[in-house]
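Let us walk through this structure step by step. Keep the picture in view as you read.

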Amino acid sequence: MATDIQLLQGEVTEEGSKEPSKQDRDVENLLRGFLMALIDEQQGKRPC
Amino acid sequence: MLNETTPVRCLIIQLGKTSDILQSLMALRAVKQLYPAMEIHFVVRERFASAVKHVVWIEKVIILPTDALLGPIFNGTHSEDETIEDLAAWAGQFAHISWDFVVNWTYSQASSFLTAILSTKVKLGYSRHSDMAISAIDGWSHYIQAIIQNQIPQSIHLTDILTTQLLTALQIHVGDPANAGDSPVTSKTFFSIPVTDNTAYSESRKTWSERDSGRKWIAIQLGSLRKEKNWNASSWAKLTVNILKHHPECRFVLLGNEYNRPQEVEFMEVFAKLNPEADQVEASKVIPLTGKTDFELWSEIIASCRWVFSGDTAAISLASLLGTRILNISVGPVRWFETGPYGNGHYVLRTEAPCEGCLAHEKPENAKQQIMSHTCGEISPEAAYATWSYASSEWAHRRALSFEEHCSCLKLAESSESIAEHLKRVQVFRSKVRLVQDGGGVYYEPLLDRPMDIKEWVSIVIDQIARAWYCGWIPPVGQGISRERITPTLIHQLRTMEESANLIVRICEKAGRVATVLENKSARLKSDRLMGAQKKVELQALAADLIELDGLIERLGNMHEPLRAFSNILKVLMHNLSGSTLTDLGRESRLCYKQLHEGTTIFRDWLKFTLGLAKPVAIRTGLELV
């Protein structure tokens, strides 16, 4: 997953680096928020 | 400033429904005319993508495959993490582009996360702060969050808000537009739809293409998904029969979704009952196509009709785009002045009396306690006929004849009540686009003299405040308010908040002064963290003063519904402070209170003006006149 998120930011971490950067974590959190909100909207919990 | 010669790359995020997409397209069209170098990319949900796919000036349509992404989660075949990876891959196709503008016109939770992921020179709409809290980036987004989404009365059309928001940003970051952009935004050929042989709808297409095109066709959009927003099918049928009786040159086509089929069945039954001797010819005057059209055929039909009758926002937005005239029978909890017909010469019909069901919808906490029934659908077919007959004969009377005069000449033998009686229960409005020198934008002119209620008064004043805040355009105080429409009830309501309106102006003024002192004192600090005990106490006291003043503004908003606009906007502005130093925060706070002071002053001046209108005027005695 890190690969996609890093690509999303236009940055690829150096080979061998396993720790996701703060930016990676932020993007992952935003994507998670996006997914959860989409699910809520789909289930009619929030207005579309 | 961006380079004017290179294309301006703009990503529009619109994850809403068809009506939202059509409104966004209307706003974008106006912007594209002024800034032809705009390269517009559009993010849309798969289910609602048809409308955008057929717009030639949209560079690329990016489809969010909601069902494909969420389906596996719902059926348990995909984990959350797997879906996040899918989402990352989907977003990756446009996240690497260096955008000039990312414009989120969805105003939803989900879209705000997506906006936050993207990097761009300018962002508009909702996004996320670094702590993941929602952020409203620009002034108009503050307004949408604080006023529109909180049901505060206002009547600026959403299309105008979106257009102004983007145009203002373009003027700041790209420069003034090269041309005047006075060509029409609406067009019968707004969509470029190729001739297809879509077998699913080929029968309907054939029926439509074989119609008698020499007739005046009227499309009736039978309803929307929500029952309370539908005018009943028998009323539509009675209106149709009335029109056919007096205007035999007219023909009708019934439109709607699959879920509107029962209404179509009811319509046809009532129509047949009202025409007991109906033969084949009579029946052919109505083509039932409910649930039998795709977007392409739907827009083709609406473009070829003279009129669209509808209460459904999507059909209204589509007809507005295509320049087809609209009779909007507005039923249910709809903020029609924000989403109603756009352009000149459309008509809107509402019930006069407030609907308990709609009022309960505005305040969901009340609706939970008691399920209110809707009375907003009680618009008679006779009132609808009178409105349409006036509207469709505008070419003859050129509005030299008033609506009431026109109705006094109308005679409907089948109605036991006079038309005047039917009109007592409704409000009729005609849409008009204001000249730029008058502030621009669409407004709805009332055609029947009705007293002004507090909601309408507030909406007029809030409009002016918004124009002053975000357009720098201030109309003369009292524009649009006439003495004849002011009632003792309105005066009483205004008087009860007169003192509070004066007070809130003074509070904002004082808060502005405190914020200025805070800004100046913090600017003299060498560090935000290390300071003398005395300085710290002083700053803490100033911050406490501001908190107290904010509390007072909130209390006034809770006491008087119309003042809630200011306590809401204050909360939104404070939530969106972005400064990282005390000085920055002090400066931003000062600007917030300045904005609030300007708004509350306008409010107070309008209140004073309206109360002044109601004051008795001394007239000269007979003796003096002699």
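pLDDT is the predictor's confidence in each residue, from 0 to 100. Chain B averages a pLDDT of 89, and 91% of its residues score at least 70. The model scores ipTM 0.86 and pTM 0.90. Where pLDDT is low, the predicted coordinates should not be read in detail.

Two notes on reading come next. This is a predicted model, where local features need pLDDT of at least 70, side-chain atom pairs count only at pLDDT 80 or more, and totals for chains, interfaces and linings use all residues. Residues are numbered from 1 along each chain as its sequence is written, chains are lettered from A and ligands numbered from 1 in the order in which they are written, and side-chain values use heavy atoms, with hydrogens and water left out.

Now look at where the chains meet. Chain A brings 23 residues to the contact (heavy atoms within 4.5 Å) and chain B brings 31 residues. Together they bury about 2,600 Å², 73% of it on carbon and sulfur atoms. Buried area is the accessible area (1.4 Å probe) that two parts lose on being put together, summed over both.

What charged links cross the interface? The rule finds 3 salt bridges between chain A and chain B. Each one is a side-chain nitrogen of Lys or Arg within 4 Å of a carboxyl oxygen of Asp or Glu. B:R45 and A:E41 form a salt bridge through their side chains (2.4 Å, N to O).
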